[in-house]
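Please look at the sequence and the model below before reading on.

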Amino acid sequence: MTDGGGGAAEAEFRAFFERHYAELARLAHLLTGEADAADDLAADAMLALWHRWDRVRAADHPAAYARGVVANLVRTRIRSTVRERRRITAFWDRRPEHTEDPDVSAVLDVRTALRALPFRKRACVVLRHAFDLSERDTALALGVSVGTVKSQTAKGMAQLQRLLGDRAATELTAGRR
C-alpha cells in the first residue's frame with residue numbers, strides 16, 4: 001500500500017474493517033457452511049483488502065469489492081477441497097489389496113463394491129460402519145450435516161446390498177444400528 005498520508009489510510013481501513021468484517025464473515029459462513037472457515041476467510045479477505053487499500057477505497061462500492069474478494073477466496077477454498085478429496089480418492093484406489101482374512105474373495109468384493117460408491121456415500125458408510133463413528137462425528141469429519149450423513153449412509157448401504165446381496169451387506173454392518 002502506497003499512501004503519502006499513511007495515518008489517514010490506516011484510519012479509513014480500520015473504520016472499514018469495523019463496519020464490514022462481521023458482514024464478510026457472515027457471507028463466508030453462508031457460502032461455506034463452516035463458522036471457523038468463515039472467520040479465516042474474512043480475515044484473509046481483509047488482509048488482501050489492506051494490501052490493495054488504494055484500489056479498494058477508490059472503488060465505487062468498496063463493500064461490494066470486499067464481498068467479491070470473499071467470494072473468490074471461498075471459490076478457491078472449495079476448489080482446493082475438491083482437489084484434496086480427489087487425491088484422497090486416488091490414494092484409496094492405489095492401496096494394495098493385501099489382507100490376512102481367510103475369505104479374501106469376500107474382502108475384495110466388499111472393497112470393489114465400496115469403490116463403486118460415490119465418495120460421500122463411501123465415506124459415510126466407512127466412517128459409520130468400519131470406524132464405528134456416530135452420525136454426529138461422521139458429519140463433523142466430513143463437514144456435512146447429520147441429515148446428510150443419515151441419507152448418504154442409507155443410500156450407500158442400499159447400493160452395497162444391490163452390489164453384494166443382502167447377506168454380505170448385513171455381515172458388513174453386524175452389530176450396528
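By the rule applied here, in which a salt bridge is a side-chain nitrogen of Lys or Arg within 4 Å of a carboxyl oxygen of Asp or Glu, the count comes to five salt bridges. The model is predicted, so that local features need pLDDT of at least 70 and side-chain atom pairs count only at pLDDT 80 or more, while totals for chains, interfaces and linings use all residues. Residues are numbered from 1 along each chain as its sequence is written, and side-chain values use heavy atoms, with hydrogens and water left out.

| Salt bridge | Closest N and O atoms |
|---|---|
| Arg67 and Glu23 | 2.6 Å |
| Arg77 and Glu34 | 2.8 Å |
| Arg57 and Asp54 | 3.9 Å |

Arg67 forms its salt bridge with Glu23. This pair links distant parts of the chain, with Arg67 in helix α4 and Glu23 in helix α1 (residues 6–32), 44 residues apart. Helices here are DSSP runs (H or I, at least four residues) and strands likewise (E, at least two), numbered from the N terminus. Arg67 has a relative accessible area of 34% and is partly exposed, and Glu23, at 24%, also counts as partly exposed; the classes are buried under 20% relative accessible area, exposed over 50% and partly exposed in between, with a 1.4 Å probe and protein chains only.

Arg77 forms a salt bridge with Glu34. This pair, too, links distant parts of the chain, since Arg77 is in helix α4 and Glu34 in the loop between α1 and α2 (35–51), 43 residues apart. Arg77 is partly exposed at 35% relative accessibility, and Glu34 is partly exposed at 32%.

In helix α3 (residues 53–58), Arg57 and Asp54 are three residues apart and therefore separated by about one helical turn. Arg57 is partly exposed with a relative accessible area of 31%, and Asp54 is partly exposed with 28%. Salt bridges that share partners join Glu12, Asp54 and Arg57 into one network.

Turning to the chain as a whole, its secondary structure comes to nine helices and zero strands. Of its 177 residues, 29% count as buried. Among contacts (heavy atoms within 4.5 Å) between residues at least 6 apart in sequence, 59% join residues at least 24 apart. The chain exposes about 11300 Å², of which carbon and sulfur atoms supply 53%; these accessible areas come from the Shrake-Rupley method with a 1.4 Å probe, and for residues only the protein chains shown count as cover.

Which residues gather in a patch of positive charge on the surface? They are Arg75, Arg79, Arg83, Arg86 and Arg87, where a patch is made of residues with over 30% relative accessible area and no salt bridge, like charges being joined within 9 Å and nonpolar side chains (Val, Leu, Ile, Met, Phe, Trp, Tyr) within 5 Å. Arg87 is placed in helix α4 (residues 62–94) and is exposed, with a relative accessible area of 52%.

Finally, Ala116 lies in helix α5 (residues 104–116) and counts as partly exposed at 43% relative accessibility. Leaving aside neighbours within four places in sequence, Ala116 is in contact with Gln159 and Leu163. The C-alpha atoms of Ala116 and Leu160 are separated by 8.8 Å, although these residues are 44 apart along the chain.

Key. Lys, Arg positive; Asp, Glu negative; His and termini not counted. Charge placed at Lys NZ, Arg CZ, Asp CG, Glu CD.
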